[in-house]
Amino acid sequence: MKTAVARLADGPAEAADDVTIELYAFGGCPGQRVEFRASIPSRGEAEVSHADELQGIDERFSAAVRPEELAALGRHLDVENLMDLPPNADERYVPGSLVGSVTITAGNARITLRFPLEDEDPPEGEETAMRIDPGPIPFVLRASMAPPSVRPALAQLAAVVNRLTGRS
C-alpha cells in the first residue's frame with residue numbers, strides 16, 4: 001500500500017496500482033437518516049451518493065477528480081502512521097449517531113478509520129479536522145476526534161469532496 005500511495009503522490013499517471021479512497025458518513029434516527037458516500041479512485045471518475053430522509057435528498061452522480069487533487073491526497077496520506085494507529089473498528093456509537101469512516105484500498109490491502117461526526121460546527125475556538133457540505137446539513141469532524149497525523153489528509157479529502165459536490 002505504501003508504494004501504491006507513493007506512486008499516487010507522484011501523480012495519478014504514475015499510479016501503477018489502483019488506489020481508492022472512500023469517505024462514508026451515515027446515521028440519524030428513523031425518518032431522519034442520512035447516508036453519504038464518495039468513492040475516489042486513482043483511475044476513473046469519483047462516484048458520489050447522498051440520501052437524506054428529512055431533506056428529501058436522494059442523489060447519485062459521477063465526477064472527474066483532478067490529477068493534482070489525487071496527487072495531493074497521495075502526498076497527505078501517511079500510510080505508515082495510519083497502519084500504526086490502534087484499530088477502532090470495534091468502537092460503539094449510540095444508535096442514531098452520525099458516524100464517518102475513511103477507507104483506503106490498494107490492491108488487497110485496506111485501512112479503515114472510523115470517527116464520530118457532528119451535524120454542526122464546533123464552538124468558536126475549537127478546530128475542525130474535516131467539514132463536508134453535501135447539502136443543507138454538514139458532516140463535521142472535530143480536530144480533537146482525529147489523530148493529528150491524519151488531519152492533513154482529512155482536510156484534503158474534504159476539499160476534494162466539497163468540490164465534487166459543488167459546495168467548495
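# Close-up views of helix packing, sheet and salt bridges

**View A. Helices α1 and α2 are oblique to each other.** The model is a predicted one, in which local features require pLDDT of at least 70 and side-chain atom pairs count only at pLDDT 80 or more, whereas totals for chains, interfaces and linings use all residues. Residues are numbered from 1 along each chain as its sequence is written, and side-chain values rest on heavy atoms, with hydrogens and water left out. Helix α1 covers residues 2-10 and helix α2 residues 67-76; they pack at an angle of about 135° with their axes 6 Å apart. Helices (H or I, at least four residues) and strands (E, at least two) are DSSP runs numbered from the N terminus. Axes are lines fitted to C-alpha atoms, for helices over the stretch in contact, and angles between N-to-C directions run from 0 to 180 degrees. Angles under 35 degrees count as roughly parallel, those over 145 as roughly antiparallel, those from 65 to 115 as roughly perpendicular, and the rest as oblique. V5, L8 and A9 of α1 make the contact with L70, A71, G74 and R75 of α2; contact means heavy atoms within 4.5 Å. The crossing of α1 and α2 is left-handed, a term used if the near helix is turned anticlockwise from the far one by less than a right angle, with right-handed used if the turn is clockwise.

**View B. Helix α2 is roughly antiparallel to helix α4.** The axes of α2 and α4 come within 8 Å and cross at roughly 160°. This crossing, too, is left-handed. On the α2 side the residues that meet α4 are E69, A72, L73 and H76; their counterparts in α4 are P152, A153, Q156, L157, V160 and R163.

**View C. Q156 and L157 are residues of helix α4.** Helix α4 spans residues 151-164. Q156 has a relative accessible area of 17% and is therefore buried, while L157, at 3%, is likewise buried. Buried means under 20% relative accessible area, exposed means over 50%, and partly exposed lies in between (1.4 Å probe, protein chains only). With residues up to four places away in sequence not counted, Q156 touches E69, A72, L73 and H76. Under that exclusion, L157 touches I21, L23, I40, L73 and V102. The C-alpha atoms of L157 and I40 lie 9.4 Å apart, although 117 residues separate the two in sequence.

**View D. Six strands form an open sheet with antiparallel pairing.** The strand order is β4-β3-β2-β1-β5-β6. Strands β4 (57-63) and β6 (109-116) are the edges, each pairing on one side only. Two strands pair if DSSP finds at least two bridges between them. On average, and with direction ignored, neighbouring strands of this sheet are turned by 10° against each other. Strand β3 (residues 46-52) runs antiparallel to β4 and is joined to it by seven bridges. H50 stands opposite E59 in β4. Helix α4 packs on the sheet and touches β1, β2, β3, β4 and β5 (99-106); the direction of α4 makes about 100° with that of β2.

**View E. E22, E35 and R37 are linked in a network of salt bridges.** A salt bridge is a side-chain nitrogen of Lys or Arg within 4 Å of a carboxyl oxygen of Asp or Glu. Between E22 and R37 the closest N and O atoms are 3.0 Å apart. This pair links distant parts of the chain: E22 belongs to strand β1 (residues 19-27) and R37 to strand β2 (residues 34-41), and 15 residues separate them. E22 counts as partly exposed because its relative accessibility is 22%, and R37 counts as partly exposed because its value is 28%.

View F. A search of the whole structure finds 11 salt bridges. For R66 and E69, the closest N and O atoms are 4.0 Å apart. The side chains of R131 and D133 meet at 2.2 Å, N to O.
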